[in-house]
Amino acid sequence: GNLGYAMGVAPGGDFSKNTLGDAGIYSVAVGYVFDEHIRVDLSLDYREGYSNEYIVQRDVVSGIYRSGEIKYATSIDKMITKVSSLSSMVNFYYDIAEINKITPYAMLGAGIVRNITDSQGEIVSSDGEDYHSYSVSRGTNINFAWKIGAGAQYKVNSITNLDLRYQYVDLGKFKTGNISIDNGYKEVSPNLEGKLKSHEVLVGVRYKF
């Protein structure tokens, strides 16, 4: 079992370059030890709390004077997207050597992941003439995922180890659902896409049985 902290990397794609913020990680795994160096496990990991603020600013026509001069206002489109992720991976570990009850190791994992987004947004004009919120349906995406990392275990006794690990995780794409705007008429925009990656630190307990 593991608990951890994830620091989201800039998602790119249709989203701003802001990071995805922080997330919590909850993980359980079961595996097999082949020898003093090689072990493998199957993990189920849930990440929750990633959040991105997507902002687009545009100059829009707000009026035309009799002289023909055009009056402009600034329209700001602001959408908050929260992302959660459920992944299942096969992980391979190489335990280097035990020194004073501490065993450093390297690890590599791969599997599948389901990324889920929930979003809400609003558009506001600087001249105060235009304001409306819009709805965004839930988005889901299933991807190939992988991770690489390193850590160390501390041997408490013959059956219990404490574990501290850093890992870099690539969870593939995430996307919003359709964006529905009702501003006198119905306007539907396609989903927005980004990539879900993070630096993660986990602490856990490994029990041998």
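Let me start with a term: I'll call something a salt bridge when a side-chain nitrogen of Lys or Arg sits within 4 Å of a carboxyl oxygen of Asp or Glu.

First, what you're looking at. This is a predicted model, where local features need pLDDT of at least 70, side-chain atom pairs count only at pLDDT 80 or more, and totals for chains, interfaces and linings use all residues. Residues are numbered from 1 along each chain as its sequence is written, and side-chain values use heavy atoms, with hydrogens and water left out.

Okay, the overall layout. The chain has 0 helices and 11 strands; here helices (H or I, at least four residues) and strands (E, at least two) are DSSP runs, numbered from the N terminus. Read along the sequence, that gives β-β-β-β-β-β-β-β-β-β-β. For contacts I take heavy atoms within 4.5 Å. Among contacts between residues at least 6 apart in sequence, 66% join residues at least 24 apart.

On burial: buried is under 20% relative accessible area, exposed is over 50%, and partly exposed is in between, with a 1.4 Å probe and protein chains only. By that rule, 39% of the 209 residues in the chain are buried. The chain exposes about 11900 Å², and carbon and sulfur atoms supply 58% of that. Those areas come from the Shrake-Rupley method with a 1.4 Å probe, and for residues only the protein chains shown count as cover.

Now strand S11, residues 193–207. Which strands does S11 pair with? For pairing, DSSP has to find at least two bridges between two strands. Strand S1, residues 2–8, pairs with S11 in the antiparallel sense over 7 bridges, and there Asn2 stands opposite Gly204. Strand S8, residues 160–175, also runs antiparallel to S11, joined by 14 bridges. If you want a landmark on that side, Val169 has Ser198 in S11 as its bridge partner.

Next, the inside. A nonpolar core, for me, is a set of buried Ala, Val, Leu, Ile, Met, Phe, Trp, Tyr and Cys residues joined through side-chain atoms within 4.5 Å. The largest one has 22 residues, and Tyr50, Met79, Leu171 and Leu196 have the most contacts inside it. As background, nonpolar side chains tend to be buried together in soluble globular proteins.

Click on Met79 if you have the viewer open. Leaving aside neighbours within four places in sequence, its contacts include Phe15, Tyr54, Tyr134, Val136, Ile179 and Leu192.

How many does the structure hold? There are 6. One joins Lys147 and Asp45, with the closest N and O atoms 3.4 Å apart. That pair links distant parts of the chain, Lys147 in S7 (residues 139–155) and Asp45 in S3, 102 residues apart. Buried or exposed? Lys147 is buried because its relative accessible area is 1%, and Asp45 is buried at 3%.

Then there's Arg47 with Glu200, meeting at 2.6 Å, N to O. Arg47 is in S3 and Glu200 in S11, 153 residues apart, and both are buried.

Now Arg138 and Asp118, where the closest N and O atoms are 3.0 Å apart. Arg138 lies in the loop between S6 and S7 and Asp118 in S5, so the pair ties together parts 20 residues apart in sequence. Arg138 counts as exposed, at 55% relative accessibility, while Asp118 is partly exposed at 35%.

A quick look at the backbone. Asn100 and Lys101 are both in the loop between S4 and S5. Asn100 has phi near 55°, a positive value in a residue other than glycine, and Lys101 has a positive phi as well, near 70°. Asn100 is exposed at 69% relative accessibility; Lys101 is partly exposed at 42%.

Last stop, the surface. Val30, Leu42, Val90, Phe92, Ile159, Tyr207 and Phe209 form a nonpolar patch with about 770 Å² of accessible area together. Patches here are made of residues with over 30% relative accessible area and no salt bridge, joining like charges within 9 Å and nonpolar side chains (Val, Leu, Ile, Met, Phe, Trp, Tyr) within 5 Å. Phe209 lies in the segment after S11 and counts as exposed, at 83% relative accessibility.
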